[in-house]
Amino acid sequence: RQETKERVLETAKMLGYKPNPVATNLKYGHTNTVGIIVPEMLTPFASQVISGIQSVLYANGIKVIIAESDEDPNKERENLQTMERFMVDGIIICLCSYKENLDQYIRLQQAEMPMVFYDRIPYGMNVSQVIVDDYIKAFFLVEHLIREGYRHIVHLQGPDDVYNSVERARGYKDALVKFNIPFDKDRMLKAGLTFKDGANAADMLIEKGVSFDAIFAFTDTLAIGAMNRLRDLGKKIPEEIAIASFSGTVLSTIVYPQLTTVEPPLQQMGKVVAELIIEKIKEPLSPNRSIVLDAEIKLRASSKKEKDSKGK
């Protein structure tokens, strides 16, 4: 009766009762949450993508749970399992390794867990994903260095189990082929991912006596680490050694000289990822889609040779 209903509501208000949203959501089979798993939070890359994701999900009444795997596939596996326990409605992943945890992705797919991958993807799997063309942008960036007059270009590689690294290295090699520049294995280093890794790579090049006049690095962090170390050693950037990289975060604009880099549209990437996960949540069996966004090559002072008065 209305009278009883009013008495119940009045008593609930007096006692400070609040409904449990988790229990309410479970009753209807959803939690209105999406899990996001990223490999690192050191650089602004993840935060910019997450900002784009949140702008779309929050507008649709969906909250996010964020977990960092710290470039560790075991932590990534634990994060996946945690998201399951929290009964998220979907998972967005930028993975550590395209060779690890495939069994988990397959299992989650079979369980009809909505999933979308971005940037770093499980190469070879049929999944919804949002990426940029690592190969072609790496090719064009190395081509820029060559056209600027640099011929002895070092490539600081990322880890072998990150497929972006494979594609960027392929772009580097093919650009050399186009301009008939011989490939030198001493100019291709498996460097890592961090600022320190970049500095260590610079030291290694100098110690080994490798002749080079430019560096194309897998990420901004590697490039900045190498650039800072080379400047400490008295090298002039870009007069003696040009530096260029990939990932295009704000880090590339707050160093001196400013860094030439490939800049993915990170906010847009996040928004597209969010739209795909909403699509998957509404219809888990909908066809997987692969979306390739256009990244912009930002030419800055770290790779531009001074021209003489005759333009040479």
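Analyst: Helices are DSSP runs of H or I with at least four residues, strands are runs of E with at least two, and both are numbered from the N terminus. The model is predicted, so local features need pLDDT of at least 70 and side-chain atom pairs count only at pLDDT 80 or more, while totals for chains, interfaces and linings use all residues. Residues are numbered from 1 along each chain as its sequence is written, and side-chain values use heavy atoms, with hydrogens and water left out. Counted in this way, the protein chain has 10 helices and 12 strands.

User: Where does Ala111 lie, and why is this residue called exposed?

Analyst: Ala111 is in the loop between α5 (102-110) and β4 (115-118). With a 1.4 Å probe and protein chains only, a residue is buried under 20% relative accessible area, exposed over 50% and partly exposed in between. Ala111 has a relative accessible area of 55%, so this residue is exposed. Its C-alpha atom is separated by 9.8 Å from that of Pro284, which is 173 residues apart from Ala111 along the chain.

User: What makes Asp70 and Ser247 worth a look in the backbone, and how do they count by accessibility?

Analyst: Most residues other than glycine have a negative phi. Asp70, in the loop between β2 (63-68) and α4, has a positive phi near 60 degrees, and Ser247, in the loop between β9 and β10, has a positive phi of about 120 degrees. Asp70 has a relative accessibility of 45% and therefore counts as partly exposed, whereas Ser247, at 11%, counts as buried.

User: Why is α4 called roughly parallel to α5?

Analyst: Axes are lines fitted to C-alpha atoms, for helices over the stretch in contact, and the angles between N-to-C directions run from 0 to 180 degrees. Angles under 35 degrees count as roughly parallel, those over 145 as roughly antiparallel, those from 65 to 115 as roughly perpendicular, and the rest as oblique. Helix α4 (residues 73-85) packs on α5 at about 20 degrees, with the axes 10 Å apart, and the two are therefore roughly parallel. Their contact (heavy atoms within 4.5 Å) includes Glu76, Arg77 and Leu80 of α4, and Asp103 and Tyr105 of α5.

User: What makes the pair α6 and α7 oblique, and which handedness has their crossing?

Analyst: The axes of α6 (residues 134-147) and α7 (residues 163-178) come within 7 Å and cross at roughly 40 degrees, which makes α6 oblique to α7. A crossing is left-handed if the near helix is turned anticlockwise from the far one by less than a right angle, and right-handed if clockwise. The crossing of α6 and α7 is right-handed, whereas α4 passes α5 in a left-handed crossing.

User: What share of the protein chain is buried?

Analyst: Of the 312 residues in the protein chain, 51% are buried.
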